[in-house]
Amino acid sequence: MYNSGYYQGILDEIKSSGLWKDERVITTPQKSKIDTTQASGVVNMCANNYLGLADNQEIIDAAKASYDKWGYGLSSVRFICGTQEIHKELEGKISEFLQTEDTILYTSCFDANGGLFETITTAEDAIISDELNHASIIDGIRLSKAKKYRYKNNDMKSLEEMLIKADQEGAKNKVIATDGVFSMDGIIADLEGICDLAEKYNAMVMVDDSHAVGFMGKNGRGTHEYRNVMGRVDIITGTLGKALGGASGGYTSGRKEIIALLRQRSRPYLFSNTLAPSIAAASIKTLEILSKSTEYRDRLEENTKYFREGIKKIGLNIIESEHPIVPIMLGDSLVAQKFAQKMLEKGIYVIGFYYPVVPKGKARIRTQISACHTKEDLDLALKAFKECKEELGL
């Protein structure tokens with residue numbers, strides 16, 4: 001029998017502990033300045049819209065045109081009657097952009113990670129995972145029967161210890177799994193060190209590059225380009241829902257045998273509806289834009305440097321990196337919530353992050369810089385951060 005009081009008690013506990021998460025309602029397209037039901041014309045500082053392409057007219061037009069040619073949806077999974085030419089074209093474009101052998105599409109990167117590990121490993125194998133990996137990697141690993149090992153965040157000594165332990169315990173195949181960029185901190189993975197250890201201990205390397213594809217590296221190909229390990233990473237998962245237009249959809253790209261196996265056995269691929277053709281068409285246009293010029297990633301890089309330097313001058317505590325994720329570390333969840341509300345009142349849209357999204361005691365305002373931010377936008381944000389710091393006595 002359903003017990004409403006039980007679940008209400010859990011909800012009340014979340015509220016009383018200061019961990020309740022409200023959803024603000026946006027009344028405009030995603031862009032640098034947005035309207036909400038609480039405030040209008042606010043500078044958006046927390047979207048994954050890194051390249052500012054979420055409202056790009058060329059991409060919107062490509063999506064519109066797709067409806068006349070490809071229809072609204074497929075009403076099917078890929079292996080039955082859900083594969084159109086446009087899906088194969090997008091898979092080819094992603095492989096070309098990332099410089100990998102093959103690519104398979106998913107409805108989200110969460111699904112890509114969820115369907116990876118149980119497909120490519122057995123009970124005789126080992127998965128060695130960074131402790132700060134995204135929830136989708138963690139959940140995907142849980143589905144695998146492989147032995148599971150965890151190493152300290154971006155710590156090569158700890159990783160090597162786990163690789164040695166996996167060998168001592170008889171692992172047949174080993175997979176190192178890491179985020180390319182750790183999304184709560186903006187820390188960029190040491191892929192060169194990871195690849196060196198993988199080669200030393202005969203392991204594969206898997207990278208979730210959701211917060212890097214499109215803008216990290218000289219040509220925006222991702223952390224494998226940024227860290228100069230092109231061709232040394234075996235599996236790359238990523239999303240079409242952040243820098244690459246911001247809609248939805250994900251992919252796994254890499255060694256052709258791995259991709260072929262995923263087509264045969266990956267459950268989210270076999271049992272989920274095909275990615276909408278409009279998203280495929282828009283994503284192709286996005287990759288065409290990024291392949292012609294580095295204008296957007298160059299502007300993002302410039303904005304990121306400007307904002308990071310400004311925040312340091314204010315005296316707020318941030319995590320050092322070159323990434324456009326800039327977490328303002330506040331510690332207390334209630335302080336983070338008050339800070340975010342004050343920022344909204346000053347015309348800046350940010351959100352407080354706290355447990356269980358981040359560990360207890362590490363609450364923060366996670367800002368994310370975009371190529372579509374103007375210097376005026378960034379200056380307004382810096383001014384608001386300075387005022388809030390002073391008003392809250394931080």
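I looked up the crossing of α14 and α16 and found it right-handed (near helix turned clockwise from the far one, by less than a right angle). The model is predicted, with local features needing pLDDT of at least 70 and side-chain atom pairs pLDDT 80 or more, while totals for chains, interfaces and linings use all residues. Numbering runs from 1 along each chain as its sequence is written, and side-chain values use heavy atoms, without hydrogens and water.

**α14 and α16.** I noted α14 as residues 295-314 and α16 as residues 375-391, packed at about 20° with axes 10 Å apart. Axes are lines fitted to C-alpha atoms over the stretch in contact, and angles run from 0 to 180 degrees between N-to-C directions. The two helices are therefore roughly parallel (angle under 35 degrees). Helices are DSSP runs of H or I, at least four residues, numbered from the N terminus. For contact (heavy atoms within 4.5 Å), I listed E302, Y306 and F307 among the α14 residues, and L378, L382 and F385 among those of α16.

**α4 and α13.** I then checked α4 (residues 85-98) against α13 (residues 277-292): the axes come within 9 Å and cross at roughly 30°. That makes α4 roughly parallel to α13. This crossing is left-handed. Contact residues include I86, L90 and F97 in α4, and A280, I284 and L287 in α13.

Technical notes
Angles under 35 degrees count as roughly parallel, over 145 as roughly antiparallel, 65 to 115 as roughly perpendicular and the rest as oblique.
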